[in-house]
Amino acid sequence: MRVDAVYENAHVITGESALAVLNGRVVALGEDAEGLSARRRVDLGGAYVVPGFHDAHNHMAWFGMGLDDVPLSGCRSVEEVYDAVARRAAGLPAGSWVIGSGYDQNKLAGGHPDRHGLDRAAPGMLVRLKHTSGHMTVVNSAVLDQLDLANVPVGGDVVLDAAGSPTGLLREQAQLLLRPLTYPTPIESVVRGLDRASEQYLSEGITSVQEAGIGGGLVGETPAELAAYQLARERGVLRVRSTVMVAASVLHDLPDGAGFGLDLGLRTGLGDEWLRVGPVKLFADGSLIGRTCAMHSPFAGEPDNRGYFQVPEDELARTIRLAHDAGWQIATHAIGDRAVTVVLDAYEAALAASPRADHRHRIEHCAVLQPAELTRLASLGLIASPQGRFVNELGDGMRAALGEERVPWCYRLRSVLDAGVVLPASSDRPVVDGAPLLGLADMVRRRTSTGAPFSPEEAITPAEALRAYTYGSAYATFAEDRLGTLEPGKLADFAVLSGNPLDESGMDDLRVLGTAVGGELRYEAP
């Protein structure tokens, strides 16, 4: 047999020294691969080969389009935020939008920016600053004056100052007030975002992603968002395999008893190896660092604040029941422990009424998970989808919101694995830096950016972290038959690393040397 390529002189994670590819799939490993005739032979110089990284929860279009925003993640005071806005505004004509992203009030001296500061920084402009979580936005007075503040959507709020005037901060569903000014995003802008994002992903060893919400809701860019993905694929700029989660807000009752879904009866599973429809995406609550997620007990230092739900609890349960009955896989965002309890109740009721084997329903983030609820999650066959990188970039803010006594319940990894639950790995990018090598290290080390330990008993081994970022993520989207491991018959998606990812002592020095999708090197380090 003559194959397309043999990648040799390698340390394949399976223990072999070579990997052979034919028609985009692995056909042989080790000596079996070395002995084959090949159109190309690629000497990897002793580098390590692992399955391509698979981000099980990210926002690729949001990230790619956000590369043009004013970057605010490095700011350490509100004055630095205002200065960054002023610099961008200085080069724009009057009436232009100035959009920034990535600020975190937990890291800013002065807390949230406000409309008055933005008015001074960018007079005559329309200013919008997106919180790093995506769960809140600050706007200036010129934007605020155009919003229908008398009709704030349920599940959100407009923050007021001591005098009862809006500060410019819109939380959760209140961000939908901006829709008449900003929605829909042009399809060409979405395509460009996908192009830029997937190029970055390849440089980080990512070969597959799951897009956590398209078509509607807080994270959707346009009702025609799937068309943008199709167009990007046709143009060859969708460079990583993509599974898209459909926002629950665009599902509806179908005629002729066809259930609850999209027109034509589309649901989970439609598509191919490059682009597939995945779960329906629901939001139960909000943000931990923004202190809007639904908690059983108040946030630390805020005795009157237990957060809130983004939709009424009965509506959430109804949507889960309808989607389950219609055959969808379901992925529900739940961060606070109260939200986790309510989502577990809804899944349990749906499964009791209509049992379904191997449903793989998910709780996205599953951030504050009490021990009893972990037991329920495992018994129901659910998947928790936490983000290891959050501990590093957001950990200090999460600790401040929870208080020390609840930190052990936060973004649990070891306990999830020990309960027998398959663990995927993800970033929620652009909420944090989505490079998988950073995420792997944080899953193993469990330290915040200031170096403080964060429930270190929830750390996992490098081998477990790597399996989560490959096999676990593939399993979470019913793709483990073709992705997640390197073995004959599976897609030849892999990353070439400078060192051994199972050696904890060398994690800081690891680099991605190359990334292959379908056996073709789509990225090579300069």
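Which residues does His 365 touch, not counting residues up to four places away in sequence? Let's work through that and a few more exercises together.

This is a predicted model, in which local features need pLDDT of at least 70 and side-chain atom pairs count only at pLDDT 80 or more, while totals for chains, interfaces and linings use all residues. Residues are numbered from 1 along each chain as its sequence is written, and side-chain values use heavy atoms, with hydrogens and water left out.

**Exercise 1. Describe the surroundings of His 365.**

Step 1: His 365 lies in strand 20 (residues 362–365). Strands (E, at least two residues) and helices (H or I, at least four) are DSSP runs, numbered from the N terminus.

Step 2: His 365 counts as buried because its relative accessibility is 2%; buried means under 20% relative accessible area, exposed over 50%, and partly exposed in between (1.4 Å probe, protein chains only).

Step 3: List the contacts, meaning heavy atoms within 4.5 Å. With residues up to four places away in sequence not counted, His 365 touches His 57, His 333, Ala 334, Ile 335, Ser 385, Pro 386, Gln 387, Phe 390, Tyr 411 and Asp 428.

Step 4: Pick out the polar contacts. A polar contact is a pair of N or O atoms within 3.5 Å; within protein, one must be able to donate a hydrogen and the other to accept it, and residues adjacent in sequence count only if both atoms are side-chain atoms. The His 365 side chain makes one with the side chain of His 333 at 3.3 Å and one with the side chain of Gln 387 at 2.6 Å.

**Exercise 2. Follow the largest nonpolar core to Met 60 and on to Ser 242.**

Step 1: Define the core. A nonpolar core is a set of buried Ala, Val, Leu, Ile, Met, Phe, Trp, Tyr and Cys residues joined through side-chain atoms within 4.5 Å.

Step 2: Describe it. The largest has 81 residues, and those with the most contacts inside it are Phe 53, Met 60, Tyr 229, Trp 328, Ile 363 and Met 443. Helix 10 (residues 337–353) supplies the largest share of this core, nine residues.

Step 3: Look around Met 60. Beyond its neighbours within four places in sequence, its contacts include Leu 194, Tyr 229, Val 240 and Ser 242.

Step 4: Turn to Ser 242, which is found in strand 15. Ser 242 counts as buried because its relative accessibility is 3%. The side chain of Ser 242 reaches the backbone oxygen of Val 240 at 3.1 Å.

**Exercise 3. Compare the linings of the largest cavity and the largest pocket.**

Step 1: Set the rules. On a 1 Å grid over the protein atoms alone, a cavity is a set of points where a 1.4 Å probe fits but cannot get out, and a pocket is an open set with protein on both sides within 12 Å along at least five of seven lines; lining residues have an atom within 4 Å of a point. Grid points are joined across faces, edges and corners, and a volume is the space filled by probe spheres set on the points.

Step 2: Take the cavity. There are three cavities of 30 Å³ or more, and the largest holds about 90 Å³. Its lining has 15 residues, with Arg 241, Thr 243, Glu 273, Arg 276 and Leu 483 nearest its centre. Strand 15 (241–247) gives the most to this lining, three residues.

Step 3: Take the pocket. The largest pocket has a volume of about 970 Å³. It is lined by 48 residues, of which Trp 62, Met 65, Arg 128, Lys 130 and Glu 221 lie nearest its centre.
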